[in-house]
Amino acid sequence: MSRARAGEALTTPQLEARLAERYKAPEFALLFNVKNRTGYSGQERFADAVSMNLFPSRGLEVQGFELKASRSDWIKERDEPRKAEAIARFCDRWWLVVGSAEIVKPGELPPTWGLLVAKGKGLAVATEAPKLDAQPLDRKFVAALFRRAVEQSPEAVTEAETRGYGRGYKNAEEHAASRVKSLEETAQRRADELLQLRQQVQRFEQAAGFSIAGWRADARIGEVVRLALAGRFDADLVSLRDQLARLLAGADDSIGALAAARAGTR
């Protein structure tokens with residue numbers, strides 16, 4: 001990877017996201033794109049970000065940041081050293097934040113600046129920012145901070161709404177997937193039950209010796225089975241057995257008489 005590409009690995013919004021993670025509430029308040037004043041008189045200057053530590057035990061420090069995603073951006077900043085002073089004079093520390101250490105060459109960092117370099121998923125201190133003799137905040141700069149806080153609030157709301165939409169969409173997807181899975185399981189149970197029913201019908205047809213689907217008197221099959229299970233055919237079967245016994249006895253008598261008659265004719 002070339003040095004230019006290495007220096008442009010992270011965009012400014014990505015650097016902002018890492019800075020916001022490092023300087024997050026409740027310890028810090030962090031504002032982006034802060035002016036040195038409000039109104040339209042005088043020269044406007046910007047800091048890419050300004051934070052204030054909200055814990056008295058940590059000194060309530062105000063820190064300023066310049067974010068550079070490429071070496072060309074840093075060179076412009078390096079060649080205008082007085083540009084940062086409009087806001088840096090109110091800060092206890094001043095930092096340069098870069099996406100790659102290759103953006104800043106040795107000896108280029110001003111002695112009053114610290115250096116934060118993207119590392120892993122966060123930011124690492126490459127050069128510690130020295131403690132500065134900060135001027136008291138004037139009303140114009142305080143007004144600029146308040147205005148930016150008001151302006152930045154809708155952005156936070158929009159971001160929260162986006163996160164909420166993302167969670168809602170994910171929950172809907174999960175619910176839909178669960179519903180589809182439940183329907184698939186129900187369909188599989190119905191298919192298994194149908195298969196078992198078909199197998200039972202097949203066994204019945206094999207035992208009965210005929211096909212239900214091919215017999216025209218379908219309704220009579222159930223009636224016959226019901227009467228048989230209820231024992232309604234028992235008496236008929238006994239009567240049929242007795243009749244067959246009498247026929248068999250008569251047949252035996254006839255056979256005996258016929259045999260005797262044949263013997264008498266000889």
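Residues are called buried under 20% relative accessible area, exposed over 50%, and partly exposed in between, with a 1.4 Å probe and protein chains only. The model is predicted, so local features need pLDDT of at least 70 and side-chain atom pairs count only at pLDDT 80 or more, whereas totals for chains, interfaces and linings use all residues. Residues are numbered from 1 along each chain as its sequence is written, and side-chain values use heavy atoms, with hydrogens and water left out.

**View 1. Arg 139 in helix H5.** Arg 139 belongs to helix H5, residues 139-208. Helices are DSSP runs of H or I with at least four residues, strands are runs of E with at least two, and both are numbered from the N terminus. With a relative accessible area of 79%, Arg 139 is exposed.

**View 2. The open sheet.** The order of the 6 strands in this open sheet is S1-S2-S3-S4-S5-S6, with mixed pairing. Two strands pair if DSSP finds at least two bridges between them. Strand S1 (28-35) and strand S6 (122-127) each have a single partner strand, so one side of each edge strand is left without a neighbour in the sheet. From one strand to the next, the twist averages 30°; axes for such angles are lines fitted to C-alpha atoms, for helices over the stretch in contact, and the angles run from 0 to 180 degrees between N-to-C directions.

**View 3. Strand S4 and its two neighbours.** Strand S3 (residues 62-68) pairs with S4 in the parallel sense over 6 bridges, and Lys 68 has Val 98 as its bridge partner in S4. Strand S4 (residues 93-98) is also parallel to strand S5 (residues 114-119), with 4 bridges. Here Trp 95 stands opposite Gly 114, and Val 98 stands opposite Val 117. In a regular strand the side chains alternate between the two faces of the sheet. In S4, Arg 93, Trp 95 and Val 97 point one way, Trp 94, Leu 96 and Val 98 point the other way, and all are buried.

**View 4. The largest nonpolar core.** A nonpolar core is a set of buried Ala, Val, Leu, Ile, Met, Phe, Trp, Tyr and Cys residues joined through side-chain atoms within 4.5 Å. The largest one has 22 residues, of which Val 50, Ile 87, Trp 94, Leu 96, Val 98 and Val 104 touch the most other members. Two or more residues each come from S1, S2, helix H4 (85-88), S4, S5 and H5. The most come from S4, which gives 3 residues.

**View 5. The S5-S6 hairpin.** S5 and S6 run antiparallel and are joined by 5 bridges. Val 117 has Ala 124 as its bridge partner in S6. The hairpin has 2 residues between its strands, and Gly 120 in the turn has a positive phi of about 60°. S5 is largely enclosed by the rest of the structure because 5 of its 6 residues are buried.

View 6. Met 52 lies in strand S2 (residues 46-53). This residue is partly exposed, with a relative accessible area of 33%.
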